[in-house]
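Please keep the model open while reading.

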Amino acid sequence: MRRLLPAGLTVLVAFALLVGLGVWQLERLAWKEDLIVKVEARIHAPAQPVPDEADWDAVDFEHDEYRHVTAQGRFRHDLEVQVYALVDVEPDGSGGPGYWVVTPLTMADGSTILVNRGFVPMARKDPASRPEGRGDGLVTVTGLMRMPEEGGLFTPGNDPQKDDWFVRDPVAIASAKGLVRVAPFLIDADATPNPGGLPVGGLTRVAFPNRHLEYALTWFGLAATLLGVFAAYAWSRLRQAPAR
């Protein structure tokens with residue numbers, strides 16, 4: 001029995017780790033199911049006016065991500081940025097790389113909200129290639145509120161000096177473009193067609209993969225298998241031990 005103790009302790013630690021991972025996946029499952037319910041309710045609710053500047057500090061992911069909103073103002077096309085994107089559907093029907101066109105929308109009170117007007121293919125990054133979609137005048141934008149993005153492990157960092165953008169960060173974009181009184185969130189514009197057909201809005205991903213239960217069962221299964229293997233190993237060692 002003493003000879004089995006080191007292996008037993010190792011197995012116990014590994015078992016606790018595997019069970020912990022399974023429990024974590026169950027917690028993620030509950031979070032994901034709650035998110036899906038909230039998103040479904042918000043995207044199909046009637047559009048409400050975007051929060052006033054005085055209420056921006058209260059905006060957060062839990063209560064406002066994917067809220068269906070509307071805003072009115074004038075686009076500052078001269079301050080447009082293009083954020084690298086990889087989407088499932090390009091304007092020609094295929095999937096591939098391109099850019100989100102993010103444009104400041106200046107409202108009547110002087111505050112500004114960055115609007116993701118939609119997607120353009122790689123070849124149409126230059127605004128000069130799509131002048132029809134850059135009209136002046138008062139516009140009404142309807143879409144979904146989005147919180148600032150966080151770069152992933154393999155996402156390149158933004159380079160404002162080169163005007164290279166990979167993450168939609170309203171604070172960083174506002175700073176680079178010299179904007180003040182900018183909302184700490186963005187609006188993803190809906191699929192209302194833009195003049196000339198570009199950018200293409202309404203491509204916000206609102207379907208989320210949910211395999212957390214599968215992952216949880218996998219971790220629990222590995223934990224059970226580990227116990228079974230150790231039990232078989234311990235039984236064989238005990239049977240081989242000489243009697244005293």
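Which residues does T103 touch, not counting residues up to four places away in sequence? Point 2 gives the list.

1. Ground rules. This is a predicted model, in which local features need pLDDT of at least 70, side-chain atom pairs count only at pLDDT 80 or more, and totals for chains, interfaces and linings use all residues. Residues are numbered from 1 along each chain as its sequence is written, and side-chain values use heavy atoms, with hydrogens and water left out.

2. T103. This residue is found in strand 4. Helices (H or I, at least four residues) and strands (E, at least two) are DSSP runs, numbered from the N terminus. T103 touches F75, R76, H77, E80, I113, L114, V115 and R117, leaving out residues up to four places away in sequence. Contact means heavy atoms within 4.5 Å. T103 counts as buried, at 0% relative accessibility. The classes are buried (under 20% relative accessible area), exposed (over 50%) and partly exposed (in between), with a 1.4 Å probe and protein chains only.

3. Overall layout. The chain has four helices and seven strands. From the N terminus on, the order is α-β-α-β-β-β-β-β-α-β-α. The radius of gyration is 26 Å, well over the 18 Å that the globule rule gives for 244 residues, so the chain is more spread out than a compact globule. That radius is taken over C-alpha atoms, and the globule rule is 2.2 Å times the number of residues to the power 0.38. Along the principal axes, the C-alpha atoms fill a box of roughly 95 × 35 × 35 Å.

4. Burial and contact range. Buried residues make up 34% of the 244 residues. Take the contacts between residues at least 6 apart in sequence: 67% of them join residues at least 24 apart. The chain exposes about 14,300 Å², and carbon and sulfur atoms supply 60% of it. These areas come from the Shrake-Rupley method with a 1.4 Å probe; for residues, only the protein chains shown count as cover.

5. Nonpolar cores. A nonpolar core is a set of buried Ala, Val, Leu, Ile, Met, Phe, Trp, Tyr and Cys residues joined through side-chain atoms within 4.5 Å. The largest one has 17 residues, of which V50, I113, V115, V141, F185 and I187 touch the most other members. Strand 2 (68-75), strand 5, strand 6 (138-146) and strand 7 each give two or more residues to this core. Strand 7 gives the most, with four residues. Apart from this core lies another, of 15 residues, among them L79, V81, W100 and I173.

6. F185. Beyond four places in sequence, F185 touches V50, P51, W56, V59, I113, L114, M145, R146, M147 and P170.

7. R146. What is the burial state of R146? It is buried, with a relative accessible area of 13%, and lies in strand 6. Its side chain makes polar contacts with the side chains of E65 (3.1 Å) and D188 (3.0 Å). A polar contact is a pair of N or O atoms within 3.5 Å; within protein, one must be able to donate a hydrogen and the other to accept it, and residues adjacent in sequence count only if both atoms are side-chain atoms.

8. Helix 3. In this helix (residues 170-177), P170, I173 and A174 are buried. Seen down the helix axis, the buried residues fall within an arc of 100°, so they line one face. The arc is that of the directions from the helix axis to the C-beta atoms. The buried residues pack against strand 3 (81-87), strand 4 (96-106), strand 5 (112-121) and strand 7 (182-189). The face turned away from the buried side carries exposed V171 and S175. At the helix start, a side-chain oxygen of D169 reaches to within 3.1 Å of the backbone nitrogen of V171.

9. Backbone points to check. Y66 is not a glycine, yet has a positive phi of about 70°. Y66 is buried, with a relative accessible area of 5%. R181, also not a glycine, has a positive phi of about 55°; R181 is partly exposed, at 37% relative accessible area. The peptide bond from L198 to P199 is cis, with omega near -5°. P199 is found in the loop between strand 7 and helix 4 (212-240).
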